[in-house]
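Subject: Structure handover

Hello,

Here is the structure I promised to pass on. Please open it and keep it beside this email as you read.

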Amino acid sequence: MSPRFTNSVLVHDGDDCVIFDAWGRADDWLKLLGTRNLKLTAIYSTHGHPDHISAAPDLVDDTGCKWFLNGLDFDLYAWGDDLLIQFGLPPMTRGIMPISLPENPIQIFPNVNMQIIQMPGHTPGGVAFYFPDNKICLTGDSIFADGIGRTDLPGGDFTQLMQSISNFYNLNLPNDTVVVPGHGNITTVSELKTINPWFKPNK
Ligand SMILES: [Zn+2]
């Protein structure tokens, strides 16, 4: 979690859509879905910090979609209203629980394959979502274009995050894979290798 404005991602296949990290207010998402005539089928969260899940419970309530989050981050769901207030958002609606993330391999739509990469450290249950056929990876707050996620928040563990980033490096994703972090600029694996001093293999 870093200051301001999370990168939420909406993927659609025809009229069906999926949201990754449903940040902000559910009302705004519902307007967007209405304008585009999209039916929300699922929400996937990279981790359980409030700036990545704030709209999810109300969206589940309003649309009946499924909401997936790593079970290791369920405890974080109760935390962080102060942060939302800093963002000018109301406290989160709670009571609707997420569902544990499914096992790989996953198809978010009939022709869209996704793999979950475990990235603990920023939070215990942090993950990246990788689309091998599309060469896109959503990394949440584990790694940013030029930095890494903080580890001073509840559940954070710097050593674990360093291990996760090394493991991620060692996956050898194609250099032209587009990396969409949880905050800030979009980058690529090749740019991370050049610019991000944290993105390196295990010694
Ligand atoms: Zn975070």
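Below is what was found, from the whole chain down to single residues.

First, two ground rules. This is a predicted model: local features need pLDDT of at least 70, side-chain atom pairs count only at pLDDT 80 or more, and totals for chains, interfaces and linings use all residues. Residues are numbered from 1 along each chain as its sequence is written.

**The whole chain**

The protein chain has 6 helices and 11 strands. Helices (H or I, at least four residues) and strands (E, at least two) are DSSP runs, numbered from the N terminus. The C-alpha trace spans about 50 × 40 × 30 Å along its principal axes.

Of the 203 residues, 40% count as buried. A residue is buried if 20 or more other C-beta atoms lie within 10 Å of its own, exposed if 12 or fewer, and partly exposed in between; C-beta atoms are placed from the backbone.

Next, contacts. Two residues are in contact if their C-beta atoms, placed from the backbone, lie within 7 Å. Take the contacts between residues at least 6 apart in sequence: 61% of them join residues at least 24 apart.

**The core**

A nonpolar core is a set of buried Ala, Val, Leu, Ile, Met, Phe, Trp, Tyr and Cys residues joined through C-beta atoms within 7 Å. The largest one here has 43 residues. Which residues have the most contacts inside it? They are I19, A22, I43, L59, A128 and F129.

Look at I43. Leaving aside neighbours within four places in sequence, I43 is in contact with I19, A22, A56, L59, C65, W67 and F68.

**Two helices**

Find helix α1 (residues 26–35) and helix α3 (residues 56–63). They pack at an angle of about 45°, with their axes 9 Å apart. Axes are lines fitted to C-alpha atoms, for helices over the stretch in contact, and angles run from 0 to 180 degrees between N-to-C directions.

The two helices are therefore oblique to each other. Angles under 35 degrees count as roughly parallel, over 145 as roughly antiparallel, 65 to 115 as roughly perpendicular and the rest as oblique.

Which residues meet at this pair? A26, W29 and L30 in α1 meet D58, L59 and D62 in α3.

L32 is also in α1. L32 is partly exposed, because 14 other C-beta atoms lie within 10 Å. L32 and K200 are 168 residues apart in sequence, and their C-alpha atoms are 39 Å apart in space.

Most residues other than glycine have a negative phi, and most peptide bonds are trans.

- The peptide bond from N104 to P105 is cis, with omega near -10°. P105 sits in the loop between β5 (99–100) and β6 (106–109).
- D21 has a positive phi, near 60°. D21 lies in the loop between β2 (16–20) and α1. Is D21 buried or exposed? D21 counts as buried, because 27 C-beta neighbours lie inside 10 Å.
- K135 has a positive phi, near 55°. K135 is in the loop between β8 and β9. With 16 C-beta neighbours inside 10 Å, K135 counts as partly exposed.

P132 lies in the loop between β8 (127–131) and β9 (136–140). Not counting residues up to four places away in sequence, P132 touches N113 and Q115. The C-alpha atoms of P132 and V112 are separated by 9.2 Å, with the two residues 20 apart along the chain.

**Two strand residues**

L10 is in strand β1 (residues 9–13). L10 is partly exposed, because 15 other C-beta atoms lie within 10 Å. L10 touches C17 and I19, again leaving out residues up to four places away in sequence.

I108 is in strand β6. I108 is partly exposed, with 19 other C-beta atoms within 10 Å. Which residues does I108 touch, not counting those up to four places away in sequence? V11, V18, A42 and M114.

Best wishes
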